[in-house]
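Please look through the structure below with its side chains displayed, and follow the paragraphs from the aromatic residues through to the backbone.

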Amino acid sequence: MDTSSLAEHDTIPAEAETRVKTLLILGASGDLTGRLLLPGLARLIRLGRADGLQLVGAGSDDWSDEQWRERVDVAFAAALEKADDRGRAALEQVRDTSSYHFIDVTQSGLAALVATLEGPVAIYFALPPAVSQKACSALGPDSLPKSTRLVMEKPFGTDQASAHRLNGKLSRLVPEQNIHRVDHFLGKATVFNILGLRFANRILEPVWNNLHIEKVEVIFDEDLALENRARYYDGAGALRDMIQSHLLHVMALLALNAPSTLHERDLRDHIGSVLRASSVDLDAPGSSRRARYVAGTIGERQIVDYTAEPGVDSAKGTETLAEVTVSINNERWSGVPFVLRSGKALGAKRKEAVITFRPVSHLPVGFTGQDAPTKLRIGFGPDTLQLELDVNGPGDIFALDRATLSADLNESDLLPYGEVLDGVLAGDPTLSVRGDTAEDCWRIVEPVLTAWSQDRVPLEEYVAGSVGPEAWPSSHGRA
């Protein structure tokens, strides 16, 4: 995209446009760094989009530089296999010049380390939220090189009040444009696939409203169970883990009005506008549902009860499947339910947004067969498009049958965390969650969390490997 036409709208300070020279990863010895961050960075380097980057790790494990480089070697291996000579040289240079520091990131040693690094510096907090906040407290504005970026992993706080406090702490360190709150679920390709589909096609945009759309569903069903993540997940659950952050943002992209440009401020202003208009009506039947898996089979895997998983505290009542119905209270969407659902240990992966259109106002008498609503399905990972239509069936020209028009949407050449890091290194916060938006996401779900904590909504059960609770309409493709 040619961004020169966006210059007059640019509110990012000039110094923030300078590419990052040093990437400092806090929590460098942790799982997130080895499994996702470093492989994402490796592909970015291979494609020539991180030239001259200095990689520095810091963590609580007493590793030598050699142990750290072994980790880098493992994470870079897949990129090295596909690299050309230039890409291989770039990967090897980053690996050979990389270093690791054994420090307590919550103490003054962090500021001392940052002061030795060549700026601009991006500090990636690959840490639990509570530790990230302590690490921020160990830093001060005077200890940070010019144009430093802070990269935070979700969750951004534990409720609206804590998110507000975290935002205040971060804003005292760097400008909002230099704060990257990571939502790796929303890759750049996915975001612009949705926006391009909506706003570049006259056949869709005129009917993208409550006059023509009956409901919108955003579904993220996983066939994975807990997978040894009890330490985080048992304190979060499906609502906090997926719906509060990822799915609300997908909903906002599906619902926003057309921004004047694709500049980050225009786009994020419109996302924020949708979320400010959003709420969950707890008095409406079925406005929120929760459930937890019990023992079952997924493929050839035997899954134990969630409460029998190592590290799980059954007294917490953590849900592994959550669903909420959100109302967007504006002219375009008033009366249209947005059903957001996410869960684990389900029989099949289902990652899609489904837009169900209203029935036609009149079907001429004489047609037979099933008259089903038109549906548009947008798949995530891989990104796909399916339009389900009623057409005349074969044989009997009066009988209606179902036809599906399918297309594959463009995919990024980067891994999800590579896309995140690409934006960080370039100083582009388009894919970052803005501070006010992070607070609004908590505002939307907090009443639901309160109702659940008071047992006003029952914690149901479903068998691992099933479609979910039988009584839930969404378990059968209905909502």
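Tyr293 is buried, as is Tyr306, where buried stands for under 20% relative accessible area, exposed for over 50% and partly exposed for what lies in between, with a 1.4 Å probe and protein chains only. The ring centres of Tyr293 and Tyr306 are 5.7 Å apart and their planes meet at 80°, so the pair is edge-to-face; rings of Phe, Tyr and Trp (its six-membered ring) are paired if their centres lie within 6.5 Å, and planes under 30 degrees apart are called stacked, those over 60 edge-to-face and the rest tilted. Because Tyr293 belongs to strand E9 (residues 288-294) and Tyr306 to the loop between strand E11 (301-303) and strand E12 (321-328), this pair ties together parts that are 13 residues apart in sequence. Helices (H or I, at least four residues) and strands (E, at least two) are DSSP runs, numbered from the N terminus.

The model is a predicted one, in which local features need pLDDT of at least 70 and side-chain atom pairs count only at pLDDT 80 or more, while totals for chains, interfaces and linings use all residues. Residues are numbered from 1 along each chain as its sequence is written, and side-chain values use heavy atoms, with hydrogens and water left out.

Tyr293 has a relative accessibility of 1%, and Tyr462 is also buried, at 3%. The rings of Tyr293 and Tyr462 have their centres 6.4 Å apart and their planes at 70°, so this pair is edge-to-face. Since Tyr293 is in strand E9 and Tyr462 in strand E19 (residues 459-463), the pair ties together parts that are 169 residues apart in sequence. Across the whole structure a search finds 5 aromatic pairs, and ring pairs also link Trp63, Trp68 and Tyr100 into a cluster.

Cys136 is buried, at 1% relative accessibility, and Cys441 is buried with a relative accessible area of 1%. The search of the whole structure accordingly reports 0 disulfides, a disulfide being a pair of cysteine sulfur atoms within 2.5 Å.

On a 1 Å grid over the protein atoms alone, a cavity is a set of points where a 1.4 Å probe fits but cannot get out, and lining residues have an atom within 4 Å of a point; grid points are joined across faces, edges and corners, and a volume is the space filled by probe spheres set on the points. Of the 14 residues lining the largest cavity, Leu186, His249, Ile271, Thr430 and Ser432 are the closest to its centre. Helix H9 (237-255) and helix H10 (264-276) are the elements that give two or more residues to this lining, and H10 supplies the largest share, 3 residues.

Arg198, in helix H7 (residues 188-199), is buried with a relative accessible area of 1%. Not counting residues up to four places away in sequence, Arg198 touches Glu205, Trp208, Leu253, Leu254, Ala255, Leu256 and Arg332, contact meaning heavy atoms within 4.5 Å. Lys349, by comparison, is found in the loop between strand E13 (337-343) and strand E14 (350-357), and at 57% relative accessibility it is exposed. Beyond its neighbours within four places in sequence, Lys349 is in contact with Asp221 and Asp223.

The backbone deserves a last look. Most residues other than glycine have a negative phi, and most peptide bonds are trans. The peptide bond from Gly119 to Pro120 is cis, with omega near -5°, and Pro120 lies in the loop between helix H4 (109-115) and strand E4 (121-125). Lys154 and Pro155 are likewise joined by a cis peptide bond, with omega about 0°. Ser147, although not a glycine, has a positive phi of about 70°, and is buried at 9% relative accessibility. Ala345, also not a glycine, has a positive phi of about 60°; this residue lies in the loop between E13 and E14 and is buried, with a relative accessible area of 0%.

Key:
1 Å grid on protein atoms, 1.4 Å probe; cavity = no way out; pocket = protein on both sides within 12 Å on 5 of 7 lines; lining within 4 Å.
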